[in-house]
Amino acid sequence: MKYLELTKQFIKSKADEKGKKIDHLQNTLHWVKQLDPQADEALQIAAFAHDVSRLVLGVDISELKENKKGFLDVEHMREHQEKGAEIITKYLLEKGADKEFVSDVGQLISFHEVGGTPRADILKDADSISFFETNAEDFIKKFVPLVGKEKVEDKITWMFARISLDKARDIVRDMYKECIKKCRK
Ligand SMILES: [Fe+2]
């Protein structure tokens, strides 16, 4: 899986540049492979790279504060997905990957928040499991003071509710309940 290895190097170098961790991305790939042991290279790349826009461009806190729906604002989400797809598409094409293959990776990243196809649903569900395992605690600590409890709780509930596979929902259920408790403290 040449392009997966290249993508990992690319993401790691971007994370180093910005002083950010990639645990969530590594863990999303882990869960994609757990949910689908046959996961192909494009899906594995999309898992490792799906949040690349946050890594490269950061998060605009003032925008999150201003818009009523916070993290769930349609425009905010669309931009996060599409910018990520753009960054990785450009990178893979530069490395000589096949156009169709690249467009498949781009499509998966473009729909990773909402899913809609069996493979995009696996990515979305793996992203949710990984969010609860690796991000949720820091997410609550960081964002409650910045944008308020309500928007943080809405996002957490959405991350649980969007799960398609029963198996994934079962893995996350208790972690979700714990997070809601922490949020309301
Ligand atoms: Fe994610």
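Helices (DSSP runs of H or I, at least four residues) and strands (runs of E, at least two) are numbered from the N terminus. The legends below use these elements. This is a predicted model, in which local features need pLDDT of at least 70 and side-chain atom pairs count only at pLDDT 80 or more, while totals for chains, interfaces and linings use all residues. Residues are numbered from 1 along each chain as its sequence is written.

Figure 1. From the N terminus on, the order of elements is α-α-α-α-α-α-α-α-α-α. Along the principal axes, the C-alpha atoms fill a box of roughly 50 × 35 × 25 Å. The radius of gyration, taken over C-alpha atoms, is compared with a globule rule of 2.2 Å times the number of residues to the power 0.38. For 185 residues, a compact globule would have a value near 16 Å, and the protein agrees because its own value is 16 Å. A residue is buried if 20 or more other C-beta atoms (placed from the backbone) lie within 10 Å of its own, exposed if 12 or fewer do, and partly exposed in between. Of the 185 residues in the protein, 38% are buried. Two residues are in contact if their C-beta atoms, placed from the backbone, lie within 7 Å. Among contacts with a separation of 6 or more, 73% join residues 24 or more positions apart.

**Figure 2. The largest nonpolar core has 47 residues.** A nonpolar core is a set of buried Ala, Val, Leu, Ile, Met, Phe, Trp, Tyr and Cys residues joined through C-beta atoms within 7 Å. The residues with the most contacts inside the largest core are Ala-46, Ile-88, Val-105, Leu-108 and Leu-123. Helix 8 (residues 118-147) supplies the largest share of this core, 11 residues. Which residues does Ile-88 contact, leaving aside neighbours within four places in sequence? They are Thr-7, Ala-49, Val-52, Val-105, Gly-106 and Ile-109.

**Figure 3. Helix 8 packs with helix 10 (residues 166-184), their axes coming within 9 Å.** Two packed helices are described by the angle between their axes and the distance between the axes. Axes are lines fitted to C-alpha atoms, for helices over the stretch in contact, and angles run from 0 to 180 degrees between N-to-C directions. Here the axes cross at roughly 10 degrees, which means that helix 8 is roughly parallel to helix 10. Angles under 35 degrees count as roughly parallel, over 145 as roughly antiparallel, 65 to 115 as roughly perpendicular and the rest as oblique. On helix 8, the residues making the contact include Asp-125, Ile-129 and Phe-132; on helix 10 they include Ile-171, Met-175 and Lys-182. The residues of this contact are 12 nonpolar, one polar and two charged. Ala, Val, Leu, Ile, Met, Phe, Trp, Tyr, Cys and Pro count as nonpolar, Asp, Glu, Lys and Arg as charged, and the others, Gly among them, as polar.

**Figure 4. Ile-129 is a residue of helix 8.** Ile-129 is buried because it has 25 C-beta neighbours inside 10 Å. Not counting residues up to four places away in sequence, Ile-129 touches Trp-31, Ala-168, Ile-171 and Val-172. From Ile-129 to Asp-16, 113 residues away in sequence, the C-alpha distance is 24 Å.

**Figure 5. Ile-156 sits in helix 9 (residues 149-161).** Is Ile-156 buried or exposed? Its 23 C-beta neighbours inside 10 Å make Ile-156 buried. Beyond residues up to four places away in sequence, Ile-156 touches Ala-136, Tyr-176, Cys-179, Ile-180 and Cys-183. The C-alpha atoms of Ile-156 and Ile-180 are 7.6 Å apart, although 24 residues separate them along the chain.

**Figure 6. Phe-111 lies in the loop between helix 7 (99-110) and helix 8.** Phe-111 counts as buried because 20 C-beta neighbours lie inside 10 Å. Apart from neighbours within four places in sequence, Phe-111 is in contact with Gln-81, Gly-116 and Ala-120.
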